[in-house]
Amino acid sequence: MEEIQSQSDNYRSSSSSASSPASRVPSSNFFYLRKPGSIRQPISFEDSPEWEDTDIDGRVEEGGDSINAANTPISPSLSKLNSGSLPSPPLAEGGAVVRKTAGASVVWKELAVTIKGKRKYSDKVVKSSNGYALPGTMTVIMGPAKSGKSTLLRAIAGRLHPSAKMYGEVFINGAKTRLLYGSYGFVDRETTLIGSLTVREYLYYSALLQLPGFFCQKKSVVEEAIQAMSLGDYANKLIGGHCYMKGLATGERRRVSIARELVMRPRILFIDEPLYHLDSVSALLMMVTLKKLASTGCTLIFTIYQSSTEVFGLFDRICLLSNGNTLFFGETLACLQHFSNAGFPCPIMQSPSDHFLRAINTDFDRIIAMCKNWQDDNGDFSSVNMDTAVAIRTLEATYKSSADAAAVETMILRLTEREGPLLKSKGKASNATRIAVLTWRSLLIMSREWKYYWLRLILYMLLTLCIGTVFSGLGHSLSSVVKRVAAIFVFVSFTSLLSIAGVPSLLKEIKIYASEESNQHSGALVFLFGQLLSSIPFLFLIAISSSLVFYFLIGLRDGFSLLMYFVLNFFMCLFVNEGLLLAVTSLWQNVFWSILTLVTIHVVMMLSAGYLRIRSELPRPVWKYPLSYIAFHTYSIQGILENEYLGTNFAVGQVRTISGFQAIHSAYDISQSSNSKWENLLVLFIMAVGYRILVFVLLHFRVRKNVSLHRIFQCRKSTT
């Protein structure tokens, strides 16, 4: 305690010239200060929701599911900001009226989270945290990096990975219950958006994926979300832009990701780092927009690393964390007095959040060690001469014995002693609807993503044209058989290899799926069927265009049925290859490793396809069994050759003729059965189904595991 007292006195003396509690005079330029004499008061109970006194009109409005909250009392803390604070921006003339939302109180009591190590749950990320959030208010969880902010947010929302273990209790409207689908929204720090859609289109497709009911009802929900997040000027703008127009800035993209959750009209909204990668202007606009959203009655809980003075003045309550410990919970204005009582008053010209983080961020100790022998124009670095470890212990000890901590416990007791209205789960869109929406959305994306789809079609045409011109004019003599076999091998192998160019687009689809699946907007089976149905027209377009060019340049046999089989065979080859690409991309979820793996697989399949050496002559271990039987090239080439040569004859000299099977037997192994080409087509179909089943397994486990591991990695950083 003597060490703590000496450190506090040292810091107080070093900063007394800049600020002291007695000399801090409220100014209109510093609107985060309370009126004189009120700063020392503990948290009041004015905004404690008394369920029996809360007159909520439970009538559901026509065409929607929101509760008319005209008589719902709004938290007085919203009006406690001084007149110098930034007001919520008024609605534009003629704009849509924002619908009121019946929020919900959230309480967490003695909440602790541990992350499972190699042997046991050893890494404690959050340590015995208490707090609450009320309807119509913004509660912020603040702290330096690696302090456990995101972990606490996920624990309250019930979104921890199974390997993380939570202790303590979470109450929703006074009842110990988990949050149900549709009653809350969760916005991750990084959300994958679809750049080829406009803001309105993206939100509309999100509404179709999330909400049941008719399409016309969802348009009004989308317009409300656009107005709520101040996106009216960007509604018809492409999120990612295009070749001659820039897309949305980072701030607008962040608001779009929040608007995606608002289409569900959630009672509670969790946001992880809403100001992530935003400049000061975008950050202020974001927080003013969220303040306007909170004024509709929604309960907002979010994490934040740092904020400007203007942004800080918009918060209602703050939960200050450092290394998993709660150093303060209460009204943001009372936090200033808490630091002053602990001996760390905020300098008059410094932002409160900067001051808080400076005091509790242990990374500053490195700066102290580096600068301890330096001096500036004013002598010692008085602003960085505080030991943060001592400051953290001082603040924690001061808070535990303060009236603020007792007030929080009393408030939690009042909020949990009586159960309020239970939050009900909202219905989901049916799987059939979701599949149809994903299919149509993917087709729209394909029509606009020229780099990944139309450019690939052009490359296929150019490659086919090159192969066709190289092997053109072969004729139909016996000597042309070997060359035509080579042409078919090159065509099948090289076009399959070229399909690797589609890895970036598939990876983007998987990231979009992972983002939507984390919020239960989609599922592995829904995504798989949607991707399957949307890819069929594109693959068929490639198959028929490339087949027609190759078929007539090479001079294969005339006959409509023969041509249609060739097209169908090549389509199945592309279909199988697309499944292989999707499986490898789902496995790695990385462009470099996916391309490297696919190139290796295709080269090995080309070597074992039976052209460079006949399959019957391949070394039996590995190359013949099993590689030649799992290479889809083998069945595609075999079927095309059987379609071309079975039933044909070639003249040998003046008298003798040989069958097509005998002519090709020395160049490639094929079957004499007339049904063999259809059997090869069936094998290709089975392989396509098999790859899709593998993709389903990978999506269900691997993608979900990777998303969860990313969250756990963020949690583990809290303890390092």
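Colleague: What does the side chain of N173 reach?

Modeller: Keep in mind this is a predicted model. The N173 side chain reaches the backbone oxygen of P421, at 2.8 Å.

Colleague: Where is N173 found?

Modeller: In the loop between β6 (164-172) and β7 (184-187). N173 counts as buried, since its relative accessible area is 2% and the cut-off for buried is under 20%.

Colleague: Switching to helix α2, how many of its residues are buried?

Modeller: Nine of the nine, over residues 149-157, so α2 is largely enclosed by the rest of the structure. Among the buried ones are K149 and R154, along with L152, L153 and I156.

Colleague: And what follows α2?

Modeller: G158, with a positive phi near 75°.

Colleague: OK, M142. Which strand does M142 lie in, and what does M142 touch?

Modeller: M142 lies in strand β5, residues 138-142. Leaving out residues up to four places away in sequence, M142 touches a list that includes K149, Y305, F315, I318, C319 and F356. M142 has 0% relative accessibility, so it counts as buried.

Colleague: How far apart are M142 and I318, in sequence and in space?

Modeller: They are 176 residues apart in sequence, and 6.8 Å apart in space from C-alpha to C-alpha.

Colleague: Salt bridges next. How many does a search of the whole structure find?

Modeller: Eleven. One of them joins the side chains of R255 and E252, at 2.9 Å from N to O. R255 and E252 are three residues apart in helix α5 (residues 250-262), so about one helical turn separates them.

Colleague: Are R255 and E252 buried or exposed?

Modeller: R255 is buried, and E252 is buried too.

Colleague: What about charges over rings: which ring does K428 sit over?

Modeller: The charged end of K428 sits over the ring of Y181, 4.8 Å from its centre. There's also R159, which lies over the face of F186 at 4.3 Å from the ring centre.

Colleague: How many aromatic pairs are there?

Modeller: The count comes to 26 aromatic pairs. Y551 and F566 form an edge-to-face pair, 5.4 Å centre to centre with 75° between the planes. Y551 lies in helix α17 (residues 524-554) and F566 in helix α18 (residues 560-588), so the pair ties together parts that are 15 residues apart in sequence. Y551 and F566 are buried.

Colleague: Which cluster are those two in?

Modeller: One aromatic cluster made up of F491, F550, Y551, F552, F566 and F570.

Colleague: Last topic: which residues does UniProt list as "transmembrane region"?

Modeller: The unreviewed UniProt entry lists several stretches, including 486-507 and 681-701. In the model, residues 486-507 are 82% helix and 0% strand, with the end C-alpha atoms 33 Å apart. Residues 681-701 are 100% helix and 0% strand, and there the end C-alpha atoms are 31 Å apart.

Definitions and conventions: Residues are numbered from 1 along each chain as its sequence is written. This is a predicted model: local features need pLDDT of at least 70, side-chain atom pairs count only at pLDDT 80 or more; totals for chains, interfaces and linings use all residues. Side-chain values use heavy atoms; hydrogens and water are left out. Buried means under 20% relative accessible area, exposed over 50%, partly exposed in between (1.4 Å probe, protein chains only). Helices (H or I, at least four residues) and strands (E, at least two) are DSSP runs, numbered from the N terminus. Contact means heavy atoms within 4.5 Å. A polar contact is a pair of N or O atoms within 3.5 Å; within protein, one must be able to donate a hydrogen and the other to accept it, and residues adjacent in sequence count only if both atoms are side-chain atoms. UniProt positions are given in the numbering used here, feature names are shortened, and annotations may be inferred rather than shown by experiment. Rings of Phe, Tyr and Trp (its six-membered ring) pair if their centres lie within 6.5 Å; planes under 30 degrees apart count as stacked, over 60 as edge-to-face and the rest as tilted. A charge sits over a ring if NZ of Lys or CZ of Arg is within 6 Å of the ring centre and within 35 degrees of the ring normal. A salt bridge is a side-chain nitrogen of Lys or Arg within 4 Å of a carboxyl oxygen of Asp or Glu.
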